[in-house]
Amino acid sequence: LRGRAAVSRMPPGHLRQFCFRGGVDDEGEGVLREVVISPDGRVLSSPTPSAHELAACPPVFRSWHDAIGTSGSPRYGLQLDDAVEQLRLDADACFTGNSYWLASDEAPRCTLERLAKQIYEQHSKSAALCNPQRGQCGAEWWVQVRKLDAGKRSKAQTAHDADVPTAAGGVVEAKQELGVAFHWDKDEDLMDEFEANVHPCVSTVTYLCDWGAPTVVLDAKCSVVPPSALGDSDADDGEVAEEETEWTEALPDEEGQHTTRGELQEHPIRSGFVSFPRQGKHICFDGRLLHGAPHQLTQLLSSAANRGEADHGPAWRRRHRYSLLVNVWHHYRPLNIGPLPPHVLQRLQNPALTFDVGDRQPDECQTVRVRPDPPAHGSGASNLRIHSFPFGSQQQHTLLLSLPDSLQEQEARRQSPGSHGPITKKARRSVTGHVGDNTFRISFCRGALASIVTSTSI
């Protein structure tokens with residue numbers, strides 16, 4: 001669908017009001033919609049938000065273990081394993097490459113929708129929801145099933161990896177992918193139509209297995225409305241422009257400036273989080289942050305939990321990484337996202353699982369300082385490896401990260417200063433063996449490369 005857009009002419013640092021026609025009504029006409037964006041890229045309820053709403057800010061990152069369980073039973077054990085295995089079968093049925101919408105005032109119809117709503121409610125408790133419009137607050141949810149390797153497949157696994165028909169009659173090939181590329185969560189159709197980034201309030205991941213690539217969340221945001229879109233529009237505030245406004249995506253540098261076409265911009269990253277899958281574990285983070293689950297980093301942590309040595313379910317299914325993704329949206333519903341189709345609902349097993357972290361405090365994350373060790377015996381060898389991750393569709397981005405082969409090894413070396421040889425078992429045990437040993441906060445120190453290089457020349 002084509003549309004027209006206008007952004008109100010407000011000075012930088014003030015609220016930005018984006019009006020556009022997206023979707024269609026019963027008569028086939030474009031629906032006039034509006035979204036108000038704060039200076040830091042958050043969706044607000046109106047052009048005149050309260051001070052409380054302006055001050056509210058989602059958490060950067062939090063993690064809870066054992067966040068899902070069976071009704072009326074402990075959140076671990078064989079009964080839970082059986083229920084999660086059924087949920088993985090439901091994930092197979094729902095994995096079509098699409099995301100689905102469940103409004104905050106709608107009743108869930110299946111286990112996955114119930115989990116999505118419970119996650120939405122958990123992360124909306126402290127939100128400043130001022131006069132929410134009906135249908136404009138809710139959960140965007142989907143499942144991801146990712147292969148762990150490209151090795152030989154059994155007949156059952158080959159059938160599992162076959163192209164999946166979508167509601168529109170097409171097919172998706174997402175099951176052939178090994179990981180999740182780095183990206184920003186956003187209204188994808190709005191980005192395709194107007195090249196504007198509107199992000200969810202909170203992004204979440206709930207792991208349905210103990211194996212696979214880690215989720216990497218980085219302290220890097222993209223701009224919502226570049227300054228070039230603010231100055232030349234002939235539309236008055238709140239009106240729809242006669243001509244479609246051309247928008248471009250850009251990354252702000254440290255001074256808040258933006259790139260222009262044909263230039264390269266390096267955007268340094270100072271910190272992030274690494275979360276390895278653990279069945280029932282739930283993480284949430286600011287919906288504006290760059291994140292992904294790159295297959296190349298699967299071996300960053302060497303532990304039985306990540307290798308899936310004591311996993312439940314068929315061996316061929318353990319070659320896939322399962323997760324439930326829920327984006328929490330306030331005051332905005334993404335374009336062209338509908339509910340789970342009835343024909344998919346009929347195929348679900350719907351195990352009796354619930355999501356609940358109650359009032360539990362989030363798990364503690366170990367901090368790992370990523371920095372190069374002094375060369376041993378003049379060899380010049382580094383303990384860090386540089387990884388390159390191209391990503392982006394409208395623009396070309398490359399994420400460069402210096403990371404150790406093992407986060408545990410890196411932290412053990414930090415706790416044993418002056419040691420350049422093999423790490424002792426005692427030092428290694430000091431950073432393992434507790435509930436937080438699969439979630440890390442990483443801090444990039446001087447000498448460790450961590451940045452996004454952006455080319456706006458397409």
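Aromatic pairs number 5 in this predicted model, where rings of Phe, Tyr and Trp (its six-membered ring) are paired if their centres lie within 6.5 Å, with planes under 30 degrees apart called stacked, over 60 edge-to-face and the rest tilted. The rings of phenylalanine 61 and phenylalanine 273 form a stacked pair, because their centres are 4.4 Å apart and their planes stand at 5 degrees. This pair links distant parts of the chain, since phenylalanine 61 belongs to strand E5 and phenylalanine 273 to strand E15, 212 residues apart. Helices (H or I, at least four residues) and strands (E, at least two) are DSSP runs, numbered from the N terminus. Phenylalanine 61 is buried at a relative accessible area of 10%, and phenylalanine 273 is buried at 13%; buried means under 20% relative accessible area, exposed over 50%, and partly exposed in between, with a 1.4 Å probe and protein chains only.

The model is a prediction, in which local features need pLDDT of at least 70 and side-chain atom pairs count only at pLDDT 80 or more, while totals for chains, interfaces and linings use all residues. Residues are numbered from 1 along each chain as its sequence is written, and side-chain values use heavy atoms, with hydrogens and water left out.

Strands of a sheet pair through backbone hydrogen bonds, in either a parallel or an antiparallel manner. Here two strands are taken to pair if DSSP finds at least two bridges between them. Strand E5 is joined to strand E16 (residues 282-286) in the antiparallel sense over 4 bridges, and serine 63 stands opposite isoleucine 283 in E16. Both strands belong to an open sheet of 6 strands with antiparallel pairing, in the order E5-E16-E12-E18-E8-E7. Its edge strands are E5 (61-64) and E7 (100-103), each of which pairs on one side only. On average, neighbouring strands of this sheet are turned by 20 degrees against each other, direction ignored; the axes are lines fitted to C-alpha atoms, for helices over the stretch in contact, and angles run from 0 to 180 degrees between N-to-C directions.

Strand E15 (residues 271-275) runs antiparallel to strand E23 (residues 439-444), to which 5 bridges join it. Within this pairing, phenylalanine 273 has arginine 441 as its bridge partner. E23 also pairs with strand E20 (residues 366-370), in this case in the parallel sense and over 5 bridges. There, valine 368 has isoleucine 442 as its bridge partner.

The interior comes next. A nonpolar core is a set of buried Ala, Val, Leu, Ile, Met, Phe, Trp, Tyr and Cys residues joined through side-chain atoms within 4.5 Å. The largest one has 37 residues, and those with the most contacts inside it are Cys94, Leu112, Trp141, Val143, Leu324 and Leu340. At least two residues of this core come from each of helix H2 (78-94), helix H3 (111-122), strand E8 (138-147), strand E18 (320-329), helix H7 (342-345) and strand E19 (353-355). H2 gives the most, with 7 residues. Leucine 340 touches Cys94, Tyr100, Arg109, Cys110, Glu113, Trp141, Leu345 and Leu348, leaving aside residues up to four places away in sequence; contact means heavy atoms within 4.5 Å.

Charged side chains complete the account. Side chains of opposite charge can pair when their charged atoms come close. The model has 6 salt bridges, each being a side-chain nitrogen of Lys or Arg within 4 Å of a carboxyl oxygen of Asp or Glu. One of them joins arginine 288 and aspartate 40 (3.6 Å, N to O). Arginine 288 lies in the loop between E16 and strand E17 (290-293) and aspartate 40 in the loop between strand E3 (30-37) and strand E4 (43-44), so this pair ties together parts that are 248 residues apart in sequence. Arginine 288 is buried at 3% relative accessibility, whereas aspartate 40 is partly exposed at 35%.

Another salt bridge joins glutamate 85 and arginine 88 (2.8 Å, N to O). These residues both lie in helix H2, 3 residues apart, about one turn of the helix. Glutamate 85 is buried at 11% relative accessibility, and arginine 88 is buried at 1%. Glutamate 188 and lysine 186 also meet in a salt bridge (3.7 Å, N to O). Finally, salt bridges that share partners join Asp40, Arg42, Asp286 and Arg288 into one network.
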